[in-house]
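Hi,

Here is the structure we talked about. Please open it first, then read my notes below.

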Amino acid sequence: MTRDDDQSPADLREEAARADEIADALEDLLAELRDEEIKDSRLEGLFDEASSSNPNIWNTVTAFIDVEDGEAVVTDESKLAQGSWAPEIVEGCDAMITVDIEYGMMPDDFTYIVGKKLSQRIEEFREQANEARQQAEDLEDESAD
């Protein structure tokens with residue numbers, strides 16, 4: 001999230017609130033991943049695809065995550081052989097978690113890998129929120145002078 005010159009402090013604070021909402025929802029998803037059985041979690045589909053797809057055909061699998069009413073919803077899991085996602089797919093979701101396909105991956109390995117990726121995304125959203133809040137404060141200070 002980079003600041004647009006036309007953004008007001010209110011817009012930046014809204015952007016910060018949205019980034020915090022996404023981070024909070026991803027933290028809930030991370031807690032679920034660590035506390036629940038994978039088969040009972042929202043990431044079950046990602047695990048199934050990552051651990052049972054043929055690695056001779058597919059390289060990675062991605063979970064597309066939308067945050068709706070403060071809750072992370074895994075809208076889809078998709079595999080890629082090579083290449084990257086189309087921009088309209090990426091823009092249509094709040095977060096993505098991509099893992100390499102490893103046939104027979106163990107649940108503990110999946111939990112570790114996905115947990116680390118979720119933690120990184122949470123940190124990125126927290127940083128975006130803090131930057132947006134700081135930019136809003138800077139703009140307010142400039143206008144007060």
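The crossing of α1 and α4 is left-handed. This is a predicted model, so please read everything here as computed from it. The two helices pack with their axes 8 Å apart, at an angle of about 165°. Anything over 145° counts as roughly antiparallel, and α1 and α4 are therefore roughly antiparallel to each other.

Now α4 by itself. The helix covers residues 107–144, 38 residues in total. From first C-alpha to last, α4 reaches 55 Å. That is close to the 56 Å expected at 1.5 Å a residue.

Which residues of α4 are buried? They are F110, V114, G115, L118, I122, F125, A129, A132, A136 and L139. And what covers them? The cover includes α1 (9–35), α2 (44–52) and β3 (95–100).

Three strands make it up, in the order β2-β1-β3. The sheet is open and the pairing is antiparallel. β2 (71–80) and β3 are the edge strands, and each pairs on one side only. On average, neighbouring strands are turned by 20° against each other, direction ignored.

α2 packs on this sheet. The helix touches β1, β2 and β3. Its direction makes about 170° with that of β1.

- β1 (residues 60–68) and β3 run antiparallel, joined by six bridges. Here F64 stands opposite M96 in β3.
- β1 and β2 pair in the antiparallel sense over nine bridges. Here F64 stands opposite D76 in β2.

Last, the turn. β1 and β2 form a hairpin, with two residues between them. D69 lies in this loop. What is the phi of D69? It is positive, about 50°, although D69 is not a glycine. Most residues other than glycine have a negative phi. Is D69 buried or exposed? Its relative accessibility is 83%. The cut-off for exposed is over 50%, so D69 counts as exposed.

Best wishes

Key. Residues are numbered from 1 along each chain as its sequence is written. This is a predicted model: local features need pLDDT of at least 70, side-chain atom pairs count only at pLDDT 80 or more; totals for chains, interfaces and linings use all residues. Side-chain values use heavy atoms; hydrogens and water are left out. Helices (H or I, at least four residues) and strands (E, at least two) are DSSP runs, numbered from the N terminus. The expected span of a helix is 1.5 Å times one less than its number of residues. Buried means under 20% relative accessible area, exposed over 50%, partly exposed in between (1.4 Å probe, protein chains only). Contact means heavy atoms within 4.5 Å. Two strands pair if DSSP finds at least two bridges between them. Axes are lines fitted to C-alpha atoms, for helices over the stretch in contact, and angles run from 0 to 180 degrees between N-to-C directions. Angles under 35 degrees count as roughly parallel, over 145 as roughly antiparallel, 65 to 115 as roughly perpendicular and the rest as oblique. A crossing is left-handed if the near helix is turned anticlockwise from the far one by less than a right angle, and right-handed if clockwise.
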